[in-house]
Amino acid sequence: MEEEFPGSNDLRSRETLLASGGRRAAGGVEDAARGIGAGAAVLAFDVGGTDIKSAIFDADGTALGLRRTPTPPLGDDPAAALIEELARLSEELRAQHPLVVPAALGFVVPGIVDADAGIGVFASNLGWRDAPLRELAAERLKLPIAFDHDVRSASWAEHRLGGARAHDDVVVLITGTGIAGAILVGGEPYTAGGYAGEIGHSPIADGPECACGARGCLEAIASAGAIARRYAAETGTVPDGARDVIARAAAGDAVAARIWDDALDALTMSLAQLTAMFAPQAIVIGGGLSRAGGALFDELRARLAARLSFHRMPELLPAELEGDAGLLGAALRARELA
């Protein structure tokens, strides 16, 4: 689950926003709600280890029937079981909105994804290896299928509709329980067979050990989950997430300040490496940690500027689509096939 910070919107408000195509007031400031625009009707699914977001988008680009349902146990044949669940949800959505006839379906999943081949290469929390998910979905659902990685799809939506829409060379980081990323070069995702964009598992130190089995991964130091875990381990006090650690740091807690400083340094190092390698015009940061606002972005801008020399300083921008980005990206990709 993403780390929540004051001023963030709960699922119900996001669902109302996306489904209505309206505008929301966040802290007194109105925020533009973006549909996907006019075009063919499509079905879209954002599959996670905990839940599945689903909707049918009509010809105006409005999400209808938007819901979040628990991901069921997938058993011994997780790929086939997932496709059956998508079929069930598709039938429900189509029955509820009989006048909306989808021309294609898009779905996105976590893990290592070879979108070009339509293969779910590996997903530790869902249980498949080298699963032909796009082919299975096409056979069962009888629609053109767009299939992609969840964060890459979210990044595509941010590029088309959100924080990255003014730029073609972009890195998108999603910082929450872990850290996921995606890279767009010339306005197109750079995938390398699904292995590119694992920014959270890029090594930036000698430790601590990461859940992936490596040591010193960015995620193990700078994710919201890691910040909270490190504080609990050092003090014996379980904080109310990373936001609590950041608040304690601001209030003078020396341990919290050091852990937050370590996280900022790790993020700065990673952003500097990305800047040197890809020279992105912008780095868009989303997920729970991004809701720390100036405590994150102001610090990162200052630290990154101090670390770089001749490099082009990227804009550091907050993501705009929040938890809807993966679903919107799936719908946009489906539209390309319609």
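**Notebook: salt bridges, a sheet and helix packing**

I looked up the side chains of Arg243 and Asp240 and found that they meet in a salt bridge, at 3.2 Å from N to O. I use the term for a side-chain nitrogen of Lys or Arg within 4 Å of a carboxyl oxygen of Asp or Glu. The model is predicted, so to speak of a local feature I need pLDDT of at least 70, and side-chain atom pairs count only at pLDDT 80 or more, while totals for chains, interfaces and linings use all residues. Residues are numbered from 1 along each chain as its sequence is written, and side-chain values use heavy atoms, with hydrogens and water left out.

**Entry on charged pairs**

Arg243 counts as partly exposed because its relative accessibility is 30%, and Asp240 is also partly exposed, with a relative accessible area of 47%. For these words I take buried as under 20% relative accessible area, exposed as over 50%, and partly exposed as in between, with a 1.4 Å probe and protein chains only. Under the salt-bridge rule I count 17 salt bridges.

I then turned to Arg140, which forms a salt bridge with Glu91, with 3.9 Å between the closest N and O atoms. This pair links distant parts of the chain, since Arg140 sits in helix H3 (residues 133-141) and Glu91 in helix H2 (residues 78-96), 49 residues apart. Helices (H or I, at least four residues) and strands (E, at least two) are DSSP runs, numbered from the N terminus. Arg140 is partly exposed because its relative accessibility is 34%.

Asp265 forms a salt bridge with Arg303, and here the closest N and O atoms are 2.8 Å apart. Again distant parts of the chain are linked, with Asp265 in helix H8 and Arg303 in helix H9 (residues 294-307), 38 residues apart. Asp265 counts as partly exposed because its relative accessibility is 41%. I also noted a network in which salt bridges that share partners join Arg67, Glu85, Arg88 and Glu92.

**Entry on the sheet**

In what order do the strands of the open sheet lie? I read the order as E5-E4-E3-E6-E10, 5 strands with mixed pairing. The edges are strand E5 (63-70) and strand E10 (145-149), each of which pairs on one side only. On average, neighbouring strands of this sheet are turned by 15° against each other, direction ignored. Two strands are said to pair if DSSP finds at least two bridges between them.

Strand E4 (residues 51-57) pairs with E5 in the antiparallel sense over 6 bridges, and Ile52 stands opposite Thr69 in E5. Helix H4 (residues 150-161) lies across strand E3 (42-47), strand E6 (104-109) and E10, and runs at about 105° to E10. Helix H10 (residues 325-337) also packs on the sheet, where it touches E3, E4, E5, E6 and E10, and its direction makes about 140° with that of E3.

**Entry on Pro102**

I found Pro102 in the loop between H2 and E6, and it is buried, with a relative accessible area of 5%. Leaving aside its neighbours within four places in sequence, Pro102 is in contact with Ala41, Val42, Leu43, Ile56, Arg94 and Leu143, where contact means heavy atoms within 4.5 Å. Pro102 and Asp58 are 44 residues apart in sequence and 7.9 Å apart in space, C-alpha to C-alpha.

Helix H6 (residues 224-235) has 12 residues and should span 16 Å at 1.5 Å a residue, which agrees with the 17 Å between its end C-alpha atoms; the expected span is 1.5 Å times one less than the number of residues. Its buried residues are Ala224, Gly225, Ala226, Ile227, Ala228 and Tyr231, and they pack against helix H5 (218-222), helix H7 (241-250) and helix H8 (254-278). H6 is followed by Gly236, whose phi is positive, near 80°.

How do H7 and H8 cross, left-handed or right-handed? I have the crossing of H7 and H8 down as left-handed, with axes that come within 7 Å and cross at roughly 115°. Axes are lines fitted to C-alpha atoms, for helices over the stretch in contact, and angles run from 0 to 180 degrees between N-to-C directions. Left-handed means that the near helix is turned anticlockwise from the far one by less than a right angle, and right-handed means clockwise. Val245, Ile246, Arg248 and Ala249 in H7 meet Ala256, Ala257 and Trp260 in H8.

The crossing of H6 and H8 is right-handed, and their axes come within 10 Å and cross at roughly 145°. Among the residues that meet there I noted Ile227, Arg230 and Tyr231 in H6, and Val255, Ile259 and Trp260 in H8.
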